[in-house]
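Hello,

Here is the structure I promised to pass on. Please open it before reading my notes.

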Amino acid sequence: MTSRRPLLACVLAALAVPLGWAAHAQQTVRPTFRTTTAVVLVDVAVRSGTEPVTGLTAADFRLLDNGVEQSIEAVSVGAVPVDVTLLVDTSPSVIDNFNQFRDDARRLPTLLRTEDRLRVVTFDRRVIEVGPMVAAGKAFDSRQVVAGEGTSIFDALLYVFLWEPVLSRRHIVIALTDGVDTTSALDEEDIRRLAGRTDATLYLALVEPSDRANTAGVGRPRAPVVEASALMGGLAQAHKSSKDFQRTFKEIFDEFKNRYVLRYEPKGVAPDGWHEIKVEVTKAPGYSITARKGYGGR
Amino acid sequence: MLSPVMSRVRKAPLALASFLLIGVALAAAPAPAQLNMARLLDRYGGGDFEAVARIVVEAEATEPGSLMAELVTGGQRWIDRAPTAEATRARRLIAAAFALEAAGAPAYVAASFDGGPPTARTLPRFEKRGVGFAGNERRALLSWSIRQFLDLRSPNQAIKPAVAEGQRAHQLDEAERQWFLAAVALLTGGNDLMFLAGQPPPARPPGPLGRTDPALASLPFGSVLQIARRRFPDELRFKLAEVYCDERRTTLIGRANVIAIQTQTPEDGVIPPRLLEKRPDPLAVTIARPGVDAGAIPTALALLDGVGAGYEALTDEPSVRAEALLRLGYHRIRVGERVRATDAFAQALETTQDADLLYLAHFFRGWTLHRLDRREEAERDYEAALRLRPESRQVRALLAALIADRGERREAREVLGDFLSRPLPAADPWFVFHQGEYRYWPVRVVALREALR
């Protein structure tokens, strides 16, 4: 296996001259949607069976952008600090899970590394950033997570996707939710478009809607949120109880940290429209690969 | 749908407002147990609307239904003591207006909470809080009022127009017309379609009807709108409201009484294309999406064409043209005619100076153009809508998503600001678009009071 830190150093050094990474390691990307910078970042999970495959290099990958092979650079996500946005559903339909979610929000910082950062955003009808992005070691006051009315998960995804990413960090969004929207201004089509426009990876820790919420017939189904997560190369998994906390988040972080970031500047493809991305591992075609399915061009 | 807990949270400001109003009312009025209906009606008829309305709010808050009981006894005695036939009719109108204000009491509280006593300027500054409250009590108050307008000596006789052909309208006729306009506003806000419009076609037979439905049992001659249209056949807003009621019955989302607060995007109202294709055979349809009331589908599909034609017919009438065009455009969105929808919105924009209608027309056209991928035009419409209603989170979110979609994330964040975290704006007409005439309830009350002076 290739040592992660030397690899990261090599990649950063290689990129430092053309992009000024060394001088602007914490500088935000501007404009932040990748297509305007003509740089595309793709998180890729590679598994052999259920086990993550580590130690791969750029030479092991083949990436097609709208069918055109691209020249890529690769780095292990595990070597990169992570910005986590925890998106907490506080709507009536998850009222049975509310205390669990609040507890999850309180305990999540303990699972992060010191170099990682965390912000907490709640949503019901309103979308509120109750905890700004700060170093993971800082305590989060979970009392700020309070129940509300309505469910605007689409609007909440807009809010978190507008996060200005830092070039040297990766951004993942973990949503604790039942995935059912009832009150957003945006709809499924908007979410699909946004999913193709963000660098973030969306993980869904899904619970079942509460029987007590009595929302049958008024909500939009969870499928668009799950679809958005898949489009972004994320995962959706069941989050059944507080007992699952450690397992759920460990699986998410392990999955994410074992990913690779592929970076390329699209060549030979028109900048406009939807770009379908296909990633292969050349040395072992049998590996299963999870990566974003594409992105929206200008 | 609100959970009980959420309902309590949501009602907290309302409760506070009620508390404050009760304090004011207690200082100026007798306790509810000592309601003197004759004295209240005298004061109301004398133009002391505010003080009496506050007493109404208090009485309904502390002892629901007490006013109705007092109206039937003390109110009727007060009417019967009028010295002349003219005075009797005037007293009937005063009592009916009083009852109507009682029926709209929660809305009154919300309006007052926004900034003191309602005026023509401040009354529109409220939202949907009157939805779905005390339906039966409201029906009782309105039924009693309508009976005051009609000659009930022959219950089966045809309802005559308030103004006979060739005659000039009396001041009291105008007051009655305003009463019906206000009642329609209130009832569309409450989505009480059966009481308001009766059975939907094709079940709606000609002539006096509706006695089979409990909602209409208390009315002497069919639904409120049927009576209103016979009393005032030239009033096109009643026709508009009738088309609107049919439109509500084409909404294929769950329970009708929550649609108004749950319909957040124009997309939510769209009829699934595969249902539209089934229109010749409505009974063959299956449930279109989770939560859709399958039983409502045949009725909805049968009404769809009539709704479009109904709005279209009203676009030639200057008094309702802008609203008919706006609703026609929205109807076209729902049936998948997006390009034709933009035509209707464009005409609406040329027709009206009403800021609420202009806002909605820009919002709807922007949304439609957005979905047609005509993004620059959509952006211009969203911006125009925001100039009219800067607090609209719907339009801000859509505009931010549009800007983000072209890669300008920072600009999108600036547009969005902190609007998603704010409480819902009290005055966004989008939230009352699906409540028909309810947007006009405050101004209708003011107009009714003016007509009674």
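Below are the notes on chain A, with each term explained once.

This is a predicted model, in which local features need pLDDT of at least 70, side-chain atom pairs count only at pLDDT 80 or more, and totals for chains, interfaces and linings use all residues. Residues are numbered from 1 along each chain as its sequence is written, while chains are lettered from A and ligands numbered from 1 in the order in which they are written.

**Overview**

Chain A has seven helices and 15 strands. Both are DSSP runs, numbered from the N terminus: helices are H or I with at least four residues, strands are E with at least two. Of its 298 residues, 49% are buried (20 or more other C-beta atoms within 10 Å of the residue's own, with C-beta atoms placed from the backbone).

**Helix α5**

Which residues of α5(A) are buried? They are Asp190(A), Ile191(A), Leu194(A) and Ala195(A), in a helix that spans residues 188-195. They sit on the same side of α5(A), because their arc around the axis is only 130 degrees (taken from the directions from the helix axis to the C-beta atoms). An α-helix has 3.6 residues a turn, so residues three or four places apart point the same way. The cover over these buried residues includes α4 and α6 of chain A, and α19 of chain B.

**An open sheet**

Four strands of chain A form an open antiparallel sheet, in the order β4-β3-β13-β15. Strands pair if DSSP finds at least two bridges between them. β4(A) and β15(A) are the edges: each has a single partner strand, so one side of each lacks a neighbour in the sheet. β13(A) and β15(A) pair over three bridges. Trp274(A) has Gly296(A), in β15(A), as its bridge partner.

Best wishes

Definitions and conventions
Buried ≥ 20, exposed ≤ 12 C-beta atoms within 10 Å, placed from the backbone. Contact = placed C-beta atoms within 7 Å.
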